[in-house]
Amino acid sequence: MNRRRFIAGMTAAGLTGTASAFSFFGLFGDDEPTAVELYPRRPLKASRRAFSVDESPTDEADAIGYTNFYEFGTEKGDAQRYGERFKPEPWRLTIDGECERPGDYTLEDILKPHPLEERIYRLRCVETWSMVIPWVGFPLADLLKRFAPTSRAKYVAFETLYDPEQMPGQRRAVVEWPYREGLRMDEAMHPLTLIAVGMYGETLPVQNGAPLRLVVPWKYGFKSIKSIVRIHFSEKLPVTTWNQLQPDEYGFYANVNPAVDHPRWSQARERPVGGWRRRDTLPFNGYAEEVAHLYHGMDLAKYF
Amino acid sequence: MKRLSLDRGAWLAIFVLALVPAAWLLRDALYSALGPNPVEALSHRTGDWTLRFLMLVLAITPMRVLFGWSWPVRYRRMIGLFAFFYATLHFLTWLVIDEGLLWDAIVEDIYKRPFITVGFLAYLLLIPLAATSSRMAMRRLGRRWKTLHRLVYLVAVLGVIHYLWLVKLDVREPLIYAVILLFLLLVRLWYSMKRGR
C-alpha cells in the first residue's frame, strides 16, 4: 500500500469512527439501511414468470431497508431497527364475512394448493419514490375462490397483525390499529393482484411484510398491506387506514395517477430508489392496459 | 495580543465545527452512503441543519438574557451565515437535483404546493439578511439594519411551517422545532416587555 492510500484509508477510518459517535445523536443522517436479516429467509421455487416488466429490479438491500412499515415506527428503516421480535411463524389467518367457507386457517393451509410464480412489478409509493420488485406469490383470486364468496361480497377487507409485543410501533396510536386495507371485488379478482410470500427468490423479509402480503401494482404502495391476519368479505365499502386518517389526501382507490396530485405534492413524476433522477409516472403505474377498464366511466379525480 | 489570538482560535473552532455537517454530507455523497433515496437524504439533512442553525442564531439573545452569557454574540454573524449556507445547499438540492432545473415544474411547485411556497419564501427572505451581514452594510443601514434583520423571526417561523407541512403523518420532529422556536421567541418578548417598562 502506498503512502497516499494509507493516509486516505486512515482518514476514512477516522471519519467512520466519528460517524458512529455522532450517529448516536442522529445528527448526521440515519445509518445506511443495509438489509438486516431479522428472521431466516428460505429460498422459494417459482414455477413460472408472468406479467413481468422489463426493468432491472431495485437493489435488494434498498428494497428491504427502505420501507414504510408504521407497525415498527414511522421512519424508513424502523422495521429493521425494531423488528427483531417479530415472528412470521407460526401464523394464522381468519377468513370471514360474506363467504361460504369462513374459518381460522394456518398459513400452511392457506398456501398449500397454490403454485408460486415470480412477477417483476413496479411499485409506486404515494410519497413519489418507486421500486421494481421481483415478487414471489400467487393470484389473490385463486385464494379467494376457495372460500366461495357469496353474491353479497362486494369488497374484500384486509387486516395486519396487531401485536405491540412483536410490533413496537403499535404502542403509539399514530394509526388506529390494526392497519386496514381493502379492494373492490373486481380489483381483488384481477389477475395482476397478488398475494406475495417472497421476493428476490426467497421468503419475505420481516421488513416487507412476512409471511404474506398483498401486492396491487397499479395502486400506491400503501394499498399493498403487509403481514395479513384477516381477510373479510363485505357488502359495504371497508374502512381503510390512510383514508380514515386523511380522507382528503388518500382515497379508497389510490390508483397511481400522474394527473391527480396529492394535495401537498405532485404525482407527475417519481424517483426510482437507488437513483438520483426522476422519471415520469405512468397512469395506473404502467398497468393501464390491464386495469383501466375497471374504472371505466368513473371520475378519477373524484375517486382518487 | 494573547486575548486576541484566543478569540481567533474560538472563531476558527466554531467555523470548522459548523462545516462538519457539510463535510459529512460530502463524505456520504462521495462514498455513496446517502442510502436508498440519496436526493431525499440530501434534502432532509440540509433542511435539518438549516433549522438547527436558525434555532442556534435565535438562541443567542436568550442565552444572554437567561444566563448572562454575552460571548456568543460575537459569533452571531457567522452562525447566521451558516444558516444561510445550509439553506442554500437545501435550496440548490431541490432546484438542481430534485427538480432537475425543469422550470415549469419548479414554478408550478412554488405556486401550487404550500410547503414549497413557504420554504421558498423563507429562503428569499434570508438573502437580503445574508447580503447585509457585513459591518459596512450595518453602518450604511444604521437603524434600519436592525429592523431588516428582524425578518429572521419570520424566516424561522416559515421554516418550521415548511417542515410541518411536508411531513406525512408523524409531526413529532417539526413540533420539537416549533416548541423550541416558541420558547426562544417568548424569552425575547418577555425581555423586551420588561425592558420597555
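In chain A, strand 2 (residues 92-97) and strand 11 (residues 228-234) pair in the parallel sense over four bridges; strands are DSSP runs of E with at least two residues, numbered from the N terminus, and two of them pair if DSSP finds at least two bridges between them. Within this pairing, A:Ile95 stands opposite A:Ile231 of strand 11. The model is predicted, and local features need pLDDT of at least 70, side-chain atom pairs pLDDT 80 or more, while totals for chains, interfaces and linings use all residues. Residues are numbered from 1 along each chain as its sequence is written, chains are lettered from A in the order in which they are written, and side-chain values use heavy atoms, without hydrogens and water.

Both strands belong to an open sheet of five strands in chain A, with the order 3-2-11-6-7 and mixed pairing. Strand 3 (103-106) and strand 7 (180-184) form its edges, each pairing on one side only.

A pocket here is an open set of points on a 1 Å grid over the protein atoms alone, where a 1.4 Å probe fits, with protein on both sides within 12 Å along at least five of seven lines; lining residues have an atom within 4 Å of a point. Of its 28 lining residues, B:Thr61, B:Arg76, B:Trp145, B:His149 and B:Arg188 are the closest to the centre. Helix 4 of chain B gives the largest share of the lining, six residues; helices are DSSP runs of H or I with at least four residues.
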